[in-house]
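Here is a friendly note to read with the model open beside you. Take the points in order, and find each residue on screen as you go.

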Amino acid sequence: MNDYWCIPSKEDADFVACMEDVLDVYELPYDPARPVVCMDEKPYQLLGDVREPLPMRPGDDLKTDSEYKRNGTCSIFAFVEPLGGRHHVSVHEHRTAIDWAQEIKYLSDVMFPDAEKIILVMDNLNTHKAASLYKAFPPVEARRIIKHLEIHYTPKHGSWLDMAEIELNVMTRQCLSRRIDTIARLKNELSAWEAERNRDEAKIQWHFQTGDAREKLISLYPPEGRQWAHSYETYLKLKQENRLWFGEKGDNVPRQKQFLSEIQAGVVPTTLMPYAECGHNQEAKKELISLLPGIGNAFETPKPSSV
């Protein structure tokens with residue numbers, strides 16, 4: 001068996017920062033003046049039947065031949081207001097900056113024209129940028145739309161934090177789990193599905209919060225201080241090999257052990273500089289005064305020439 005997941009890297013500060021930002025948004029109370037809207041898009045392949053399916057009859061399901069024909073692809077855009085139960089779906093022939101900008105204008109001017117600010121959560125796809133609005137509209141219009149938005153991006157490899165993915169999942173199960181051969185038919189089917197979702201005011205209840213992330217996704221958080229000088233995997237390996245020392249009482253910052261059998265001939269490098277070998281900064285001050293009379297205490301801790 002093989003499952004595909006969005007797997008973030010370990011100890012990723014960028015991921016954590018974006019994740020906690022989005023989770024903070026999801027904890028906001030419902031405010032009609034500042035609706036939280038999640039947006040996502042997905043490609044869709046239009047498929048037609050090569051042979052006419054055999055119709056259903058009492059005691060028998062519809063029979064569809066396994067052979068099909070490809071009729072091209074398109075892109076489905078989905079918007080959902082999780083706490084308000086508002087939904088919007090549209091179909092475009094392409095997935096370009098212009099297509100995205102047109103959908104954002106619809107979000108701003110048709111779905112929530114009276115909102116003080118639309119809090120928009122989405123992934124950081126290359127077209128999901130404010131620059132796309134300038135490609136589609138005059139600067140004054142583009143700026144007007146941007147000022148109506150407050151954008152929050154999910155982290156890379158963290159698209160599961162976008163609740164619009166839940167919306168697309170529901171859409172796929174309820175509406176797209178069959179062959180649809182033309183864009184016109186796809187638009188009709190999705191329009192009916194959207195109307196039903198809006199009529200039911202279907203909402204999404206999100207339960208995963210920042211506290212849960214800090215407990216369950218601890219490996220994604222960067223280290224605090226020096227106790228995590230290595231990656232989490234390396235730390236576990238060193239601990240298993242008994243190569244970490246946690247102090248005499250076992251409750252100190254871990255330090256990596258170095259065994260005598262591993263030391264090569266010579267002196268083990270340390271930060272300790274014995275006085276007998278390296279001298280003292282008092283000697284260094286005397287050396288400076290002899291070289292530069294009248295310098296006084298310009299240097300508080302000079303190093304002796306023997307160093």
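1. **Overall make-up.** The chain has 10 helices and 7 strands; helices (H or I, at least four residues) and strands (E, at least two) are DSSP runs, numbered from the N terminus. This is a predicted model, in which local features need pLDDT of at least 70 and side-chain atom pairs count only at pLDDT 80 or more, while totals for chains, interfaces and linings use all residues. Residues are numbered from 1 along each chain as its sequence is written, and side-chain values use heavy atoms, with hydrogens and water left out.

2. Of the 307 residues in the chain, 34% are buried. Here buried means under 20% relative accessible area, exposed means over 50%, and partly exposed is in between (1.4 Å probe, protein chains only). The chain exposes about 20100 Å², and carbon and sulfur atoms supply 53% of that area. Accessible areas come from the Shrake-Rupley method with a 1.4 Å probe; for residues, only the protein chains shown count as cover.

3. **Contacts along the chain.** A contact means heavy atoms within 4.5 Å. Among the contacts with a separation of 6 or more, 69% are between residues 24 or more positions apart.

4. **Helix α6.** Ile 183, Leu 186, Leu 190, Trp 193, Glu 194 and Arg 197 are buried in α6. Seen down the axis, the buried residues of α6 fall within an arc of 105 degrees, so they line one face of the helix; the arc is that of the directions from the helix axis to the C-beta atoms. On the face turned away from this buried side, look for the exposed residues Asn 188 and Arg 199. Just after α6, Glu 201 takes a positive phi of about 50 degrees.

5. **Helix α5 and its partners.** In turn, the buried residues of α6 pack against β1 (36–49), β2 (68–81), β3 (86–92) and α5 (164–174).

6. **Two nonpolar cores.** A nonpolar core is a set of buried Ala, Val, Leu, Ile, Met, Phe, Trp, Tyr and Cys residues joined through side-chain atoms within 4.5 Å. The largest one has 20 residues, of which Ile 104, Leu 107 and Leu 133 touch the most other members. At least two residues of this core come from each of β1, β2, α2 (97–111), β4 (118–122) and α4 (139–147). Its largest share, 5 residues, is supplied by α2. There is also a second, separate core of 19 residues, which includes Val 36, Val 80, Ile 119 and Ala 164.

7. **Salt bridges.** The structure holds 12 salt bridges, each a side-chain nitrogen of Lys or Arg within 4 Å of a carboxyl oxygen of Asp or Glu. In one of them, Glu 20 pairs with Arg 214, with the closest N and O atoms 2.8 Å apart. This pair links distant parts of the chain, since Glu 20 is in helix α1 (residues 13–26) and Arg 214 in helix α7 (residues 210–216), 194 residues apart. Glu 20 is buried, at 15% relative accessible area, whereas Arg 214 is partly exposed at 48%.

8. **A charged network.** Which residues are linked in a network of salt bridges? They are Lys 105, Asp 109, Glu 141 and Arg 144. Between Arg 144 and Asp 109, the closest N and O atoms are 2.8 Å apart. Arg 144 lies in helix α4 and Asp 109 in helix α2, so the pair ties together parts that are 35 residues apart in sequence.

9. **Leu 47.** This residue lies in strand β1 and counts as buried at 18% relative accessibility. Leu 47 and Thr 182 are 135 residues apart in sequence, and 7.8 Å apart in space from C-alpha to C-alpha.
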